[in-house]
Amino acid sequence: MLKQIGTPRSRIDGVDKVTGRAAYAADRRPDGQLYAFAVRSPVAAGTITAIDIGEALAVPGVVAVYTHENAAELLDWRPSPEVMAMSGEALGRTALAAVEPLPPPPYWPLGGPEIVFAGQWIAVVAAASLEAARQATLLIRPQVRQAGSSVHPVPASDVFLEPGFFFAAEMQVRRGDWPEHPGAALAETFRTPMHLHHPMEPSATVAVWGGDTVTVHDSTQGAMAARDYIAASLEVPPDTVRVDAAYVGGGFGGKNQMWPHQALAAHIARHLGRPVRLQLTRADMAVASGHRSETEQAIELASDGEGRLQGLRHVSYVPTSMRGHFFEPCGLNTLLLYDTPALEVTHHVARKAIASPTPFRAPGETPGSFAVECALDELAFQLGINPLELRRRNFAARDPHHHRDWSSNHLLACYAQGAAAFGWPADLPEPRTMRDGDVLVGYGMATTAYPAPALPATVRLRLSGEGPLVVETSATDIGTGMRTILAQTVADQFGHPVEDITVRLGDSSLPAAPTAGRSKSTASLLPAAAKACEVLRETLSRLALDNDLPAASNRSPMAVLQAAGLAELTAEGTSTGMAETRKDRSYYSFGAHFVEVRIDERLGRLRVSRVVSALDCGKIINPTTATSQIRGGIIFGLGMALMEAAEFHPTRHRVIGDNLADYAVPVHADIPPIDVIFIDSPDPDLNQFGARGLGEIGVPGLAAAVANAAFNATGQRFRDLPITPARIV
Ligand code: MOS
């Protein structure tokens, strides 16, 4: 009988986290550790002609300074061309590469004199103290022959899409013929700015060698992927590298790709024979661990007189770096969320002298949904149709892009339940007609959707004569509650109280599991945990039989162990990812956001006063942690709608606002009551639990719902984010 699954439960690691017992990467303080600190390039493009490190080396406590001129001392730090050319698959991430290839980092710092973005690491200091390391970096002044560079705007003459890019195959799609005489038509352009991940815990790596093996405490979403990358960079066998990411203080995609600092710490530690800590500053975080790029998106809609789409065109202009592989795939949801005979999704990607963009919580879906969901609101207003009704009329009953049925799709129920809980009116009041005293009130809504993938994963159970039942896998819990739902799953399957279960995660020496990203961990790991329980139960039954004990179910597992004379028993279970799911189904989650805003035009102040979101994410394993994930996504969306924007300096091209003082994110006082409703209907085709991941689906659509509500309040359209007071006229 299932008891724990479906039951709200606080995180089992909550107390460890808030009392400081949980050790994050930078909490490791090995004896004799050195502090490594980087010098960032002050210009965006050029060549280093000279770099004098003499003064830096003279600072007391400084042990070494590495630049491109002496980086060879790090023993093959600049990897061979073969390693640089390796795909994720060649690096050993075979299971991962099938669904999401993880290429090596976009550039190797200290690899040569060439500068390809402002902020690029051009020297690294290692010193006995952080103070000495920082002091030394100030004394390194490279001479640079500057080249011309451009970061913004995206010029039309400079657009292309390379075959090696992520998502490239899916990102130029045309189907159907554009209608010649549509009943209604609309063409608008939307813009979203650069966003920085800024998880609570900045990226950090502490590398400790012991003989020929290295332990790397690292803040990463993927312990196995980090191990493979670091080993490839060191040119050592993967099993000589152990990555420990037992606790990770948020990731959002910035920690799901590989970055040079993760390997550099191990290289320097090997060279100097001492442990090395390389912690990224907030300023480093803006350039050395990715960002979401700005986007410019041209949307064209054509519909009949009743708002049924006849054509949907979504053209995105996005940048990537000189060496990067990733661009913001804005059109992902556009391909399949609405039913339209004619569709065109195009991406123009321009290489710029900027740091590499990277996945960022619902990459593509997040900025893409802002444009499309705002445009649909404009069409609804033009036709005098309730925006909710317009979306119902365009509901895609099956996946129109892949020509498959949905495994399970309760979007219409999300619309109905969300609207009922919000009190969404059948006749949306005209703009500027709702007031609360001097404050304008507005309602807005939008759809959200996100795919539900799964990858093979292995979970091990460890039963010993004493102590708790231990659950082990290399998967990470980046703050999602993965530890807790694994304990709940094993509790149900194995009949152990949750309190008596210990979950060990994020260690690459534990059984293989994919990176926590693309909302796939729940559907990948829970079936593996269930299989491990099955294997352990069978083993116990066999032992009970062999030892003439009554059936295992009547005896405690401990008694069976004792009777068999065993100190410990382990069992592993491996899930199959999507291998056993129906190929004629599309696996997606859906939802709808409803938002109320209050705008004081005298101050230009927009406050979101309430949010109701209804979501279909399959069966909800733990309503407490699931609600937290969605709530966090919604708060991301509020930040995107109202505050978050990083910019490039107009001439120097460095990131402005590369700190948490200038880069505003919502604080408690900005966060309104948020009501999260789950349809909680199992998706039986995906796994035996019917559960889909939900780490990202809270974000898409939210900023559009805010902008649409702001239009309903003021009559003014907001097509550029964020909606700051200066934009409210
Ligand atoms: Mo997430 S952007 O899939 O790490």
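Biologist: Does helix 9 pass helix 16 in a left-handed or a right-handed crossing?
Modeller: The model is a predicted one. In it, helix 9 and helix 16 pack with their axes 8 Å apart, at an angle of about 30°. The crossing in which helix 9 passes helix 16 is right-handed.

Biologist: Which residues of helix 16 meet helix 9, and how many residues of the contact are charged?
Modeller: On the side of helix 9, the residues are S369, F370, E373, C374 and D377. They meet A703, A704, A707, N708 and F711 in helix 16. By class, the contact of helix 9 with helix 16 has 6 nonpolar and 2 polar residues, and the number of charged residues is 2.

Biologist: Where does A362 lie, and is A362 buried or exposed?
Modeller: A362 is placed in the loop between strand 15 (342-352) and helix 9 (365-383). Its phi is near 60°, a positive value in a residue other than glycine. Most residues other than glycine have a negative phi. Because 31 other C-beta atoms lie within 10 Å of A362, this residue counts as buried.

Biologist: Which peptide bond is cis, and what is its omega?
Modeller: Most peptide bonds are trans. P722, in the segment after helix 16 (702-714), is joined to L721 by a cis peptide bond. For this bond, omega is about -5°.

Biologist: At what angle do helix 12 and helix 13 pack?
Modeller: Helix 12 covers residues 482-494 and passes helix 13 in a right-handed crossing. The axes of the two helices are 9 Å apart. Their packing angle is about 35°.

Biologist: How many residues in the contact of helix 12 with helix 13 are nonpolar?
Modeller: Helix 12 contributes M482, I485, L486, T489, V490, Q493 and F494. Helix 13 contributes S521, T522, L525, L526, A529, A530, C533 and L536. None of these residues is charged and 4 are polar, while the nonpolar residues number 11.

Biologist: Why does S519 count as buried, and how many C-beta neighbours does S519 have inside 10 Å?
Modeller: S519 is found in the loop between strand 21 (501-504) and helix 13. Its phi is positive, near 50°, in a residue other than glycine. A residue is buried if 20 or more other C-beta atoms lie within 10 Å of its own. S519 therefore counts as buried, since its C-beta neighbours inside 10 Å number 24.

Biologist: Is helix 13 parallel or oblique to helix 14?
Modeller: Helix 13 (residues 521-546) and helix 14 (residues 557-564) have axes 9 Å apart and pack at an angle of about 50°. With that angle, helix 13 is therefore, relative to helix 14, oblique.

Biologist: Which residues of helix 14 make the contact with helix 13?
Modeller: Helix 13 passes helix 14 in a left-handed crossing. The contact has 6 nonpolar residues, with no polar and no charged ones. From helix 13 come L540, L543 and A544, and from helix 14 come P557, V560 and A564.

Biologist: What distance separates the C-alpha atoms of D244 and A564?
Modeller: D244 lies in strand 11 (residues 241-244) and is buried, with 23 other C-beta atoms within 10 Å. Leaving aside neighbours within four places in sequence, D244 is in contact with T215, H217, G506 and D507. A564 is 320 residues from D244 along the chain, and the separation of their C-alpha atoms is 34 Å.

Biologist: What radius of gyration does the protein chain have?
Modeller: The secondary structure of the chain comes to 16 helices and 28 strands, and 56% of its 729 residues count as buried. Among contacts with a separation of 6 or more, 82% are between residues 24 or more positions apart. The C-alpha atoms fill a box of roughly 80 × 75 × 50 Å along the principal axes. A compact globule with 729 residues would have a radius of gyration near 27 Å, which agrees with the value for the protein chain, 26 Å.

Methods. Residues are numbered from 1 along each chain as its sequence is written. This is a predicted model: local features need pLDDT of at least 70, side-chain atom pairs count only at pLDDT 80 or more; totals for chains, interfaces and linings use all residues. Axes are lines fitted to C-alpha atoms, for helices over the stretch in contact, and angles run from 0 to 180 degrees between N-to-C directions. Helices (H or I, at least four residues) and strands (E, at least two) are DSSP runs, numbered from the N terminus. Angles under 35 degrees count as roughly parallel, over 145 as roughly antiparallel, 65 to 115 as roughly perpendicular and the rest as oblique. A crossing is left-handed if the near helix is turned anticlockwise from the far one by less than a right angle, and right-handed if clockwise. Two residues are in contact if their C-beta atoms, placed from the backbone, lie within 7 Å. Ala, Val, Leu, Ile, Met, Phe, Trp, Tyr, Cys and Pro count as nonpolar, Asp, Glu, Lys and Arg as charged, and the others, Gly among them, as polar. The radius of gyration is taken over C-alpha atoms; the globule rule is 2.2 Å times the number of residues to the power 0.38. A residue is buried if 20 or more other C-beta atoms lie within 10 Å of its own, exposed if 12 or fewer, and partly exposed in between; C-beta atoms are placed from the backbone.
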